[in-house]
Amino acid sequence: MAKTVINDIDFSRYNIKAKVKYRHKTAKGLTPEIVEEISYLKGEPDWMREFRLKSLEIYNSKPMPTWGVDLSELNIDEIVAYISPDAEKAKTWDDVPKDIKETFDRLGIPEAEKEYLAGVGAQFDSEVIYHNIKEQLEKQGVIFEDFDTALKKYPDIIREYFMKCVPPTDHKFAALHGAIWSGGSFVYVPKGVKVETPLQAYFRMNAPGTGQFEHTLIIVDEGAEAHYIEGCSAPQYSVSNLHAGCVELYVKKGAKLRYSTIENWSKNTYNLNTKRALVDEGASMIWVSGSFGSKKTMLYPSSVLRGEGATSEYTSVTFAAKGQHLDTGAKMIHLAPNTSSKVVAKSLSKDGGITNFRGLLRVGPKATGVKTTVQCEGLMLDDISRSDTLPIIEIQNDYVDMGYEAKVGKISEDKIYYLMSRGLSEDEAKALIVKGFVEPISGSLPLEYAVELNRLINIEMEGSIG
Amino acid sequence: MNDTLIKELNDRSIGWVKGYRESGFERFSRLNIPSWKRLNLNGLDLPEYKGYDRLQVTGDGIDVENIMDCGMEEDIREIMQDGQAFGVDEKFVSMVDSFFNTGVVIRVPKGYNSSVPVMVHYPSDGDLILDQNVIIAEPFTSVSIIIDHEAISEAGAFHNGITRVIAKEGSKVNLMKVQRLSDTSFNFDSVIGITGRDAAINWSVVELGSAKSAVSYTTYMNEQGGENNTKGIFFVDDRRRLDLSFKVNHIAPNTTSDIDIRGALKDEAYSIFRGDLDIKRGAKKAKGNEKESVILLDRTVRSDAIPALKCAEDDVEAGHAASCEELDKNTLYYMMSRGLSLDEARMMLVEASFNPIIDAIPDDGLKNAIREVIKRRLTCGEDY
Amino acid sequence: MGKMLLEVRDLRASVEDKEILKGINLNIGRGEIHAIMGPNGSGKSTLCNTIMGNPSYMVEGGSIFFEGDDITGMKVNERAKRGIFLSFQYPEEIEGITLENFLRTALNTVTGKNQSILGFKKLLKEKMQLLEMKDEYAERYLNVGFSGGEKKKAEILQMAILNPKLVMLDEIDSGLDIDALRIVAESIKKVKTEDMSILIVTHYNRILDYLEPDYVHVLMDGRIVRNGDSGLARELEETGYEAIRAEELI
């Protein structure tokens, strides 16, 4: 059973270092000149160029965060902010340069698209090299474009929504993103349109010592529904890479959005990402998040429940192994009456890995009739790792039903014993229990992604499975 | 509070205490008063220094000395200069270390084993109380101590205190602290406990008074088999604020802790609960649990909870729970079907939540006094 | 009016938007014992809770008069003060409040005057002796850890102390074995005064062997379909509710 799957692991698929010709590459570091250069290369309107420069000023004026992970080894001056492959954006995989296509083939993206996706966007370093959506959806008015194209085709919409949900003043890395963002996707689902199969974006960092700063903006209009999946990976290098993306989600009245992420950045990557959703009346926002990669992560997807009856769920699994410090969590901000939220966060730590759950649950004075639960569970796989749970709960009226629970512990000896009595080896038993532990997350992903998640767990468990 | 005063106090101090006050003052003068985002101390003025002479102590067969005129042996020096982090804030801790104007040293002698509580009473008529308390329980002793800060008038007091508890091997210290200062008072209380092998420290916390109250308990379980149980109740009404913090450090194997806090908030009250369960590497088979539940009685209250659970060992059992919810509809209906008004039923449920903790108070007089305060605050403004 | 203690007129009520009572008419005079019988889900508990004023039950139409006053919109505690008492099918357990403390508070509120602690203790002791309850129950938390029979007895004790005018017994026989049932029924008899009216709500008629009703009403699908005397209960025992249902269809 578990054994055969484990033997099949092929970690090399994530570690391909493609030899790619690059078209543009900015100098290391961050200056107004570099920011202007990026804007010029993209042929952007003036307002965007000014927005970038203003963001750079904000970036320079803000101190590094003093909480969360240790960022003292991250040197922005050593990071290349923009590096574009020598490729035009393609609508068919045949038009994608061979070595880049090979990378995505190994990751299984074109195959997945054929089988079960409504559309795919693929980004290679700083630029999107492939973007396509099923014709039928296009006819229904669904927009799925890479961000540069969207800025040209829908300038008014972009200007209205871009970095309004996550303003560059929010924190240092939001400002950094505002200055040097590149690539990403724009999705618009018109009123009442239900996109049944998922749209996917895949982000690949290939070059060493670079940064990826893609921007994702999704607007799900009234009564519409969508499922967006994001995957990310990079090959392992000795120098640091930086990922500081930004995701802005607008879920309008009665709409539903599910946003799933399987993150597997290489273990030299700093992942300092910002994700936020504004959820209107009766709308539903579901986050599903699997964090496996990166050296350090700070990521706290937020739902601002601003319309009456809005709901949000956050389900996550975070797996930190040797050399990793993953600081993740969710923010649920209840601003309107009868809103509800549910957070289920699971974490695994092994080989000295550190996981932090850092959450914020805020119920404002006007948010009466709120129902909310937060559940955190940490599983320690050895005695040299760490698991910290650090939530903040703020309740500002009396008509609230709030429950918070956290626990931490190791795999129960009794369970291992029970499974071994049925013929499993100790390692198989442990791997099985870990899979059971993350079931709430794998169970809420489409099958193919659940397989991917299990594959990642197997890779991480490899040491203990021997 | 300045260096002239320090010199004056030093002249009156004996032995090592002189240097102690001075080094405390060094820290004190370097630091600013914290502003504190939640409790909010903006605009807090430190009061003029005054002496305090209302301390009352009762206890049988036990050595209770006034810290202002006791011998201050070497072991007390070690305890007071231990250097382990604790307290509401270093500014307030160093203020007490430099300017303490009252306090007790309690030694629980070998063979002492009594459940009759030692009473340490700090009445306040708008006083400045900077109390420095040290409790040392010799091995295999058992003691109950109640430290009570009580208003004897409506005048606003300023209380800032430190209590250090050393529970040596196999000993058991039950320390109850009651804070019922007047509604215009400021209260800062920093408590630290260190458990020896198989020793237990049990905190009981009753927080009822003061306009702003910041209370912090820190426990270090350095030796195996240590135990730290905390039970607490708080009632905050009007526009008062309370910041209640517990930090439990599991350092040695087989240490256990349990925290059970129940609170009620009324009017525009604001409470902040911090529970920090820190299981360090090496604390194998540690068990830690923490539970806080708050009953919210008005739409305008605010309740924050910041319960941290830190774990660096795998073979442990640790959990946290916090809840705040409306009172159960069916329970309210049942009580009202017996004639109680909605308010009466709610009040009664608050009492019900507090009772298991109040019932455990070892002194009947104090027990009844606490019940009365809660009842008065609960019914204030309600037509009975 | 005057003569009637309780008058229920064309009462319709719903729970969670589902209509349960579809027009109930019921008159109870002083000192009378009435029994409402009916199959599960017919609306028996809903009727008790609507008369008591449970806020989860919505009155959709009709009215309830108590001693001639319209109490349809009145709060539950106001009804308790007027002398309506419901013995709950599943009494609530309340940790931290003793039975004695709770009952004294309730009595103070219902009578509007403060009982002396000593006087109350005496009254409680007397009633507990009457009901053959052990003294220790007074000191125990309300219904916490009580067995099914003990809970029902504690309900009767509350009834004895509060001395209501109308007592509704909601499935008082449920979950009790034959001995416990006999003890509870005898307790009720001991507590009942000449003026006290009782509404027994039950699925079975075994409680009626101990408390003979003056009137029996059969409740089905939210309506009272038959009225009679205690003979009707015996008839039901023989024929079952299905016979009545069939009769309804004809």
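Strand β28 of chain A and strand β19 (residues 317-325) of chain B run antiparallel and are joined by seven bridges; strands pair if DSSP finds at least two bridges between them. The model is predicted, so local features need pLDDT of at least 70 and side-chain atom pairs count only at pLDDT 80 or more, while totals for chains, interfaces and linings use all residues. Residues are numbered from 1 along each chain as its sequence is written, chains are lettered from A in the order in which they are written, and side-chain values use heavy atoms, without hydrogens and water. Of the two pairs of chains in contact (heavy atoms within 4.5 Å), chains A and B share the most contacts.

**Chains A and B**

- The contact involves 32 residues of chain A and 35 residues of chain B.
- About 2800 Å² is buried between chain A and chain B, 50% of it on carbon and sulfur atoms; buried area is the accessible area (1.4 Å probe) that two parts lose on being put together, summed over both.
- Within the strand pairing, A:G403 has B:S323 of β19(B) as its bridge partner.
- Five salt bridges are counted between chain A and chain B, each a side-chain nitrogen of Lys or Arg within 4 Å of a carboxyl oxygen of Asp or Glu.
- One salt bridge links B:R302 and A:E394, at 3.3 Å from N to O.
- On the side of chain A that touches chain B, the elements giving two or more residues are β26 (386-389), β27 (392-395) and β28 (400-410); strands here are DSSP runs (E, at least two residues) and helices are runs of H or I, at least four residues, numbered from the N terminus.
- β28(A) gives the most to that side, with eleven residues.

**Chains B and C**

- Here 19 residues of chain B are in contact with 31 residues of chain C.
- Chain B and chain C bury about 2100 Å² between them, 65% of it on carbon and sulfur atoms.
- B:Y333, B:Y334 and B:R338 supply 41% of the area that chain B buries against chain C, more than any other three residues.
- The count of salt bridges between chain B and chain C is one; B:R338 forms a salt bridge with C:E155, with the closest N and O atoms 2.7 Å apart.
- Helices α5 (329-336) and α6 (342-359) of chain B are the elements that give two or more residues to the side touching chain C, and α6(B) has the largest share, seven residues.

**Chain C and chain A**

- Chain C has seven helices and ten strands.
- Chain A and chain C do not touch, and their nearest C-alpha atoms are 16 Å apart.
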